[in-house]
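Let's take a walk through this one together. Have the sequence and the model open side by side, and follow along as we go from one spot to the next.

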Amino acid sequence: MEVAFSLEPAPSLVPAREVPLLVLVGLTGVGKSTLVEALGLPRLPDRRELVDRYVLPRYGATPPLPREERFRLTRRFREEFPGGVAEVLARGYVPPKPLLLFDGLRGEGEVAYALEHLPEARFVLLHAREATRLKRLLSRRDAFDRVEVAPEEEARLKALAQGVLAEEELAEALALAPLEEVLAKLKIVAEEKRNYDPQGPLRLLSGHPRALVLDTEALSLEEEVLAVRRFLRENLR
């Protein structure tokens with residue numbers, strides 16, 4: 001169930017920084033949406049919706065946009081507001097629930113800002129290899145994942161794969177979908193890695209008392225849910 005979120009005070013809302021939040025952290029394809037559904041917690045509008053509401057209009061943009069254009073605009077937003085989407089979340093007002101879920105944050109800057117400005121938040125970092133994320137993108141068929149791949153980009157993207165995937169991983173991906181689709185999804189994985197170094201959040205949250213780190217390749221969904229519920233029991237007052 002999605003609950004209200006506003007940047008303006010309202011009688012029925014309280015500052016987000018005062019409410020216990022469960023914040024998911026991770027890049028596209030690590031399994032955040034699947035975990036959100038399995039947990040069944042009341043949830044705030046997700047990252048995509050907050051960007052649509054509060055980031056894109058700032059630059060005169062209207063969704064839907066290709067992912068690389070969203071990356072460009074959110075990167076511009078982070079240049080003005082280093083905390084990125086975490087700044088939007090921390091400045092917001094939400095219902096006074098015992099626990100609300102937010103999906104999600106990316107990158108070291110956003111996580112660092114949230115750790116400092118959302119003292120009641122707990123964090124679950126989900127991670128997976130780029131090859132696994134690419135396979136999941138190829139299987140999920142989400143219209144949001146569209147990017148524009150011009151013919152002249154194909155050679156550049158093949159070269160780009162050398163810094164993201166091993167040769168055998170690229171070959172495996174090419175066996176799952178047509179070349180154009182693999183290249184389009186690879187562009188998302190590569191752009192995310194460039195914009196949001198996954199090692200940054202891992203450095204911040206590994207061993208942190210307010211955080212849980214999940215390897216979504218090693219764990220089943222049921223194991224992830226059990227781990228999150230145990231973490232919440234042990235870490236929420």
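Start with Glu2: once its neighbours within four places in sequence are set aside, Glu2 is in contact with Arg43, Leu44, Pro45 and Glu49. Keep in mind that we're looking at a predicted model. Glu2 itself belongs to the segment before strand 1. If you'd like a sense of distance, hop over to Arg72: the C-alpha atoms of Glu2 and Arg72 are separated by 28 Å, with the two residues 70 apart along the chain.

Now for the aromatic rings. A ring pair is described by how far apart the centres are and by the angle of the planes. Counting rings whose centres lie within 6.5 Å, we get two aromatic pairs here. In one of them, Phe5 and Tyr54 have ring centres 6.0 Å apart and planes at 65 degrees, which is over 60, so they sit edge-to-face. This pair ties together distant parts of the chain, 49 residues apart: Phe5 lies in the segment before strand 1 (14-15), while Tyr54 is in helix 2 (residues 47-55). How covered are the two partners? Phe5 counts as buried at 6% relative accessibility, whereas Tyr54, at 23%, is partly exposed.

The other pair is Phe77 with Phe81, and this one is tilted, with 5.0 Å from centre to centre and 35 degrees between the planes.

Strands of a sheet pair through backbone hydrogen bonds, either parallel or antiparallel. In this open sheet, four strands run in the order 4-2-5-6, and the pairing is parallel. Strand 4 (100-105) and strand 6 (211-215) are the edges, each pairing on one side only. On average, neighbouring strands of the sheet are turned by 20 degrees against each other, ignoring direction.

Zoom in on strand 2 (residues 21-25), which pairs with strand 4 in the parallel sense over five bridges. Strand 2 also pairs with strand 5 (residues 121-127), again parallel and over five bridges. Leu21 is a handy residue to look at: it stands opposite Leu100 in strand 4, and opposite Ala121 in strand 5. Move on to Leu22, and its bridge partner in strand 4 is Leu101.

Is strand 2 mostly covered or mostly open? It's mostly covered, with five of its five residues buried. Leu21, Val23 and Val25 point one way from the strand, while Leu22 and Leu24 point the other way, and all of them are buried.

The axes of helix 1 (residues 32-39) and helix 11 (residues 221-235) come within 10 Å, crossing at roughly 65 degrees. The crossing is right-handed. Helix 1 brings Thr34, Leu35, Ala38 and Leu39 to the contact, and helix 11 brings Leu221, Glu224, Val225, Val228 and Arg229. By type, these contact residues split into six nonpolar, one polar and two charged.

Conventions:
Residues are numbered from 1 along each chain as its sequence is written. This is a predicted model: local features need pLDDT of at least 70, side-chain atom pairs count only at pLDDT 80 or more; totals for chains, interfaces and linings use all residues. Side-chain values use heavy atoms; hydrogens and water are left out. Rings of Phe, Tyr and Trp (its six-membered ring) pair if their centres lie within 6.5 Å; planes under 30 degrees apart count as stacked, over 60 as edge-to-face and the rest as tilted. Helices (H or I, at least four residues) and strands (E, at least two) are DSSP runs, numbered from the N terminus. Buried means under 20% relative accessible area, exposed over 50%, partly exposed in between (1.4 Å probe, protein chains only). Axes are lines fitted to C-alpha atoms, for helices over the stretch in contact, and angles run from 0 to 180 degrees between N-to-C directions. A crossing is left-handed if the near helix is turned anticlockwise from the far one by less than a right angle, and right-handed if clockwise. Contact means heavy atoms within 4.5 Å. Ala, Val, Leu, Ile, Met, Phe, Trp, Tyr, Cys and Pro count as nonpolar, Asp, Glu, Lys and Arg as charged, and the others, Gly among them, as polar. Two strands pair if DSSP finds at least two bridges between them.
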